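Here is a short tour for a reader new to this structure. Have the sequence and the 3D view at hand.

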Amino acid sequence: MTQQTRDEVGGLLPHDEFRAVGDAIVTNIEQVIEGKTATVQLALAVLLAEGHLLIEDVPGVGKTKLAKALARSIDCSVRRIQFTPDLLPSDVTGVSVYNQETHDFEFRPGAVFANLVVGDEINRASPKTQSALLECMEERQVTVDGVTYPLQTPFMVVATQNPIEMEGTYPLPEAQRDRFTARIAMGYPDAGAELAMLDGHGATDPLESLRPVSDASTVRRLITHVRQIHVADALKRYAVELVTATREAPDLRLGASPRATLQLLRTARAVAALEGRDYVLPDDLQALAVPVLAHRIIPTADAQLARRTTDTIVADLVHRLPLPQEHRRSSYDTRPTTDSGRARYEPRRA
Amino acid sequence: MISQRNLGLVAAAATLLAAAPLSAIFDRSTWLFQSTIAVAVVAAVAALARLGRAPRWGQVLAMLGGLLLALTWLFPSGAELLGVVPTPATIGHFGALAEASLVDMRTHRVRVPDTDPLLFLTVLSIGGIAVLVDLMTVGLRRPALAGLPMLAVYSVPVAVYVDSVPPLPFVIGAAGYLWLLAADNVDRVRRFGRRFTGDGRGVDGWEASPLAAAGRRLAAVGVAVAVLLPLAVPGMTGDLLDRFGSGTGEGAGGAGRGTASQVDLFSALQGQLNQGEVTDMVKVTTNESEPFYLRFGTADQLRSDGFRARPPSGTAVNREFGPTVPDREGITRSRYRATVEVTESFDMPLLPVYAEPVQFKLNGRWSYDPNQQVLFSNRERSSSKRYEFEYVRSTYSPTALRQARPLPTEHSLRRQTAAPTVPEVEALVDELTQGQSTEFDKVRAIYDHFATENGFSYALSTEGGTGGQEIVDFLTNKVGFCQQYAAAMAWLVRAADIPARVAFGFSTGTKSDGDTYVLTNRNLHAWTEVYFDGFGWVPFDATPAYGVSGSVRSDWAPDLDAEEEEVTPGPSTTAGPAGSGSGTNPNQAEEGLEEELSGQPSGTGTPTRTGSSWLWAVGALALLLLLTAPALQRSALRRRRSGRRMPSAVPAGVATGGASSGDHRMMVLADADRARADAHAAWDELLDTLVDFRQQINGAETPRATASRLARDTFRADTEATSAVRLLGRAEELARYAPDPHPGEPLLPALRRVRAALVAGSDRRTRLLAAALPPSMVLRWRGAVADASARLMSSYGRFRAATLRWSPRRLLTDRHPR
């Protein structure tokens, strides 16, 4: 398990090659997860954006399968942790064990020492154990007994959780949730996809036959490429305005963090690259706003009573926030220049 | 109760103030004292009735009763009980007064003397108004309504005066009304109790209300609108514009305005004769073969500064008038009928008629003064009038006239026709009349004195005064025109103790066809009329005949210059192509003289309507411009954007050898900034077009999303338009967000394609609107107005905040504990 520095990674890939690799991975995963192209693409984008993925849905829709398929498609080290209430932090991070031969303590790496870590049913572990992931996910390192061990690149945590079953679970703390780049819901497959699934999965587990189509070094090159994607200033401002809007929205008790802004833009770059573009579009940001922002924010009690979920609140904000335009102050600009500089989010009907 | 009593007093006082405009009508202020008495009685009775808690109808009855008592006391018939209690005879007397007041109204003009009928009417009206105002203010608590009866008083002087009404009485009346309103509102506030500001601070009674500023602002805006709005309506400023536009100069336009008594006929005459242009004034058709002059005015008041017109007084024209003097030997009388059409150029409160009219067919409120023989009106003007009348033409034989005796000294005409003493005139008259025994011979001697052989000549260029000194000057210089001849002869005749006056009218003029004569401003004329006892007013025209176009002479006053040629018996005209006299065409002579001798400014032209029609044209043009402005601006904007995009298709700075405009390589070579600007222009144009065609625009939508929505919803089957709009969307998103902004395809055709698809897909109304009043432009304008007003408001707010620091009220506020 050799660590490769970023300098060793090759330069910018041509768009076509990037797209080919991305498509290959997506197609590969789709052999297992049928009819969920957008979800799969988003998962891949999160990987390329050096983020972590939280898959949240009811049981049996293929959360774990998606995580495993993603791991298998890339020829890299994969570890799986089944979170249970008695799981200990040391099981995750690793532990120093006394070696009688050397008469010394020896560090035995935990489950996080892999390129891809699949954390199943993450909310079943105690907050103590969940918290063990905090350092790994953000700083990509593990500190045990005063010694810091860097994690491999790429490193991605794919966690699944069940939002319905509340008994015996420990909801993720805000800090933990904020470390996940995106939260996606699998959703039920449509009838055709489910039928195909019955045919394909009836005899064998397709996961068994899944072959990797890429490897860690390729993924590292892809990640480097994603960092080069052009983001116009207007879009950076738009991302900031979008996140600011969540902080100022009357329906929200807690808005998104600056980390969210960073991850939003990073994911948008990955999405743009996967679509073969070398520039980000506002459309990318708009499409990513719900997966990237919705799980970080907390609605007010009023909004909850009004059955407004964070998803709908964010979608609403996106729908109402006008795009920044550098070249002119449009005659249809819906933002009045008020003293406070705060934008008003009611669009004027043209 | 106390407040009601106060309000009643204010109502009475306001009524009296509102009656102030009547002061412009009456000559003296008797009406005011009497009205004050009546109003005071009404107010006192009303207060008493309220004190006795009488119901509202009871108060009204009491007030009416009080008014009756006051009227009885003021206008007694002699049959009252105790001087104040009316009897049936009193009521009959009131009826007679009311009837007489109608007659008085017709006969008297402003300012009217204190006649009992008019005073009665005035006191009755003001008393009635006092009752109404009291009822509305105190009884109904609607003081605003009281303005209506008060306004009725205003309308009286407005109706009487045609042109100018003194403004001060109106201001006084308005002040009374405002006082009434203010008193009522103060009373309301007092009854409400304490006043508070929005933040709960008590406001003292003397302190201005916190809303006062808003009220002041509203009032200022209201007054400004009321004053300025009528100015903006073309029809309402006609008077003012006409005065600017037509330029009547010194002519009759200026002097002829006003009522019959105010016209200065002399200056009107001179002004018109001096007009450079010839204007048709009157067309007269008569069945008399050789009519005398048409006359419309008389000047019979002689003071040392000259002749002036006496205010005419007479009766309405709807009855037949008899001849002024009975028939007798030596007067030949025959009755004729004439029709007169007055043009717009002759605008006076007087109508031209032949002497001694007996019957009129005439619409409107015109009266005839048989003494002055003048047809006049206090309300109407002669402009564009048409009427018929019958008249008696009298001719006198000189022999009969010689039999006329001197007028008895106690005759009323003597008083009217006194002349101021001017030594030179007296000497001349003594010299002329020496040895003449009869009245007629004396007059003839004076008349003969004005002959050309005595050195008199005609010229319009002289000064037109008729005062004593001017007459003496004229008699010395012997150069003048009809005005001086007529006035001088009248003066001399009066100096010989014979009544004489100056008559104004038209000389005969030219015959246009048949019996119709067309009279122009050059026909305006003045002559002398001399009163002979038993004969009436006999005309003498002393002006040299060659100076007057259409001059008529008679047996008793023949043309002096043609005396050698024996005049035909009866009246004859010296005018016409083959006219006798000096042989020159009078018109030519007059014009020639005028041109040679006069350096005087002549009038600039006839009054025309061009001023107002010009204004209308400008208004229509401005309206048209305003209506088409959005469309014009929109198309200009589109052209500018298209022009901007043109270089995009064939980029500058690139060799065009063999490269087609769609060549991708060439597009890449083009300047990125220019490509960005082009794409933005195309996108802006697309958005404006969408707005024009009522497509939704969402500021939160990305170009790609907009393009997809249009392709999906609007252009469904139209693949060309779909790809065009997608191209535009792509170009815009590249321009905005990509490092390389070149879409690789020209945008102008795509834009045209999208527009064509939008045109095809919308209904007629939308298309029409998009062409005539593009919504995008309207929105833009609205936005600009909103921005400007917001800026204005914010700067005003800053100004307010800055000045508020120095507001004394703020200092007061700080002193008050919260």
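What share of the contacts in chain B with a separation of 6 or more comes from residues 24 or more positions apart? The share is 72%. The model is predicted.

## Chain B at a glance

Chain B has 818 residues, and 39% of them are buried. Its secondary structure comprises 27 helices and 23 strands.

## Nonpolar cores

The largest nonpolar core has 126 residues. Its members come from chain A and chain B. Those that touch the most other members are Ala43(A), Leu53(A), Leu70(A), Val158(A), Leu293(A), Leu728(B) and Val754(B). Take Leu70(A): leaving out residues up to four places away in sequence, Leu70(A) touches Ile29(A), Ala43(A), Leu47(A), Leu116(A) and Val158(A).

## Where the chains meet

The contact draws 23 residues from chain A and 19 residues from chain B. Which elements of chain B give two or more residues to the side that touches chain A? They are helix H21 (672-692), helix H22 (703-714), helix H23 (719-737) and helix H26 (775-804). This side of chain B has nine nonpolar, six polar and four charged residues.

## A hairpin in chain A

Strand E7 (residues 141-144) and strand E8 (residues 147-150) of chain A run antiparallel. Four bridges join them. Val142(A) sits opposite Tyr149(A) of E8(A). Two residues lie between the strands of this hairpin, and Asp145(A) takes a positive phi near 50°.

Technical notes: Residues numbered from 1 in each chain as written. Chains lettered and ligands numbered in written order. Predicted model: local features only at pLDDT ≥ 70, side-chain atom pairs only at ≥ 80, totals over all residues. Core = buried A, V, L, I, M, F, W, Y, C linked by C-beta atoms within 7 Å. Buried ≥ 20, exposed ≤ 12 C-beta atoms within 10 Å, placed from the backbone. Contact = placed C-beta atoms within 7 Å. Nonpolar A, V, L, I, M, F, W, Y, C, P; charged D, E, K, R; others polar. Pairing = 2+ DSSP bridges.
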